[in-house]
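I opened a new notebook page for this structure.

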Amino acid sequence: MNSAELWPLLESGLKIVFGAAMATAFFYMGRLWHKTQALADAPPTQHRKLSYLEQISGDVGHVNHSFAKYSALVIESTRFGKRWPAARKQELERINAELVKEFDRLAEAEARLLMLGEKTMEKTLRLYAARIALFRKQVYVGREDITEQEIADLKNSIMQLREQFYDILSRRYDKLLAA
C-alpha cells in the first residue's frame, strides 16, 4: 500500500476518533447541565437538605481518613512491639489527637441528621463512632495479646458500619435529587 492510499484511511480514522471524542464530551456536558438544572429547580429547603447531606458526608470522610491513619499506625505498633521507634509513637499521638478532634464533626453531623429527621442514619453514624471508640480501647500501643486477625475483624466491623451509613445517605440523597 502506497502513501497515496494510506492517507485517506488515516484521515478517516482520525475523523472517527475526533467525532467519538466530541460525542463523549457533549454527552457528559449534557448530563452535568441536567444535574445543575435539577439542583437549580429544586426548592430552597430541598437544596439546603442536599447541602447538609453533602457536608455530613464530608465530615464522615474526614473522620474515616483520620481513623485509617490511626489504625495503620497502631497496627504497626503491635507488629514492632517494644522496637517501635519513638518518632512513630509521637506521630501516633498526633494522629490520635486529630481523631479525637474529628469526633466533634461526628457529633455535629449527628445533630444535623436528627434535625433533618434522619433517625436511622443518625443511629448508624452513632454506632460507627462507638465502634471506632471501642477499637481505640482494644487496640493500643504496647498491647501484645491481640492478633492481627482480631484487629482486622474489628476494623472490618467499623468499615461495614461506614458502608451502611453511606448506603442510607446515598439513597436519601438520590431521593432528594429525584424529587
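I began with the term itself: a salt bridge is a side-chain nitrogen of Lys or Arg within 4 Å of a carboxyl oxygen of Asp or Glu. The model I am reading is predicted. By this rule I get 12 salt bridges.

**Entry: Arg-88**

I looked up Glu-91 and Arg-88. Their side chains meet in a salt bridge, 2.8 Å from N to O. The two are separated by about one helical turn, because they sit 3 residues apart in helix α3.

Next I checked Glu-76. Glu-76 also forms a salt bridge with Arg-88, with the closest N and O atoms 2.7 Å apart. This pair links distant parts of the chain: Glu-76 is in helix α2 (residues 44–80), and Arg-88 is in helix α3 (residues 86–115).

Is Glu-76 buried or exposed? Its relative accessibility is 18%, so I noted Glu-76 as buried. Arg-88 has 27% and counts as partly exposed. Glu-91 counts as partly exposed at 27%.

**Entry: a network**

I then followed Glu-102 and Arg-105, whose side chains form a salt bridge of 3.3 Å, N to O. Both lie in helix α3, about one turn apart. Glu-102 is buried at 12% relative accessibility. Arg-105 is partly exposed at 27%.

**Entry: a nonpolar patch**

Last, I turned to the surface. Met-22, Phe-26 and Met-29 form a nonpolar patch there, with about 320 Å² of accessible area together. Met-29 belongs to helix α1 (residues 3–41). Its relative accessibility is 51%, so I logged Met-29 as exposed.

Definitions and conventions. Residues are numbered from 1 along each chain as its sequence is written. This is a predicted model: local features need pLDDT of at least 70, side-chain atom pairs count only at pLDDT 80 or more; totals for chains, interfaces and linings use all residues. Side-chain values use heavy atoms; hydrogens and water are left out. Patches are made of residues with over 30% relative accessible area and no salt bridge: like charges are joined within 9 Å, nonpolar side chains (Val, Leu, Ile, Met, Phe, Trp, Tyr) within 5 Å. Accessible areas come from the Shrake-Rupley method with a 1.4 Å probe; for residues, only the protein chains shown count as cover. Helices (H or I, at least four residues) and strands (E, at least two) are DSSP runs, numbered from the N terminus. Buried means under 20% relative accessible area, exposed over 50%, partly exposed in between (1.4 Å probe, protein chains only).
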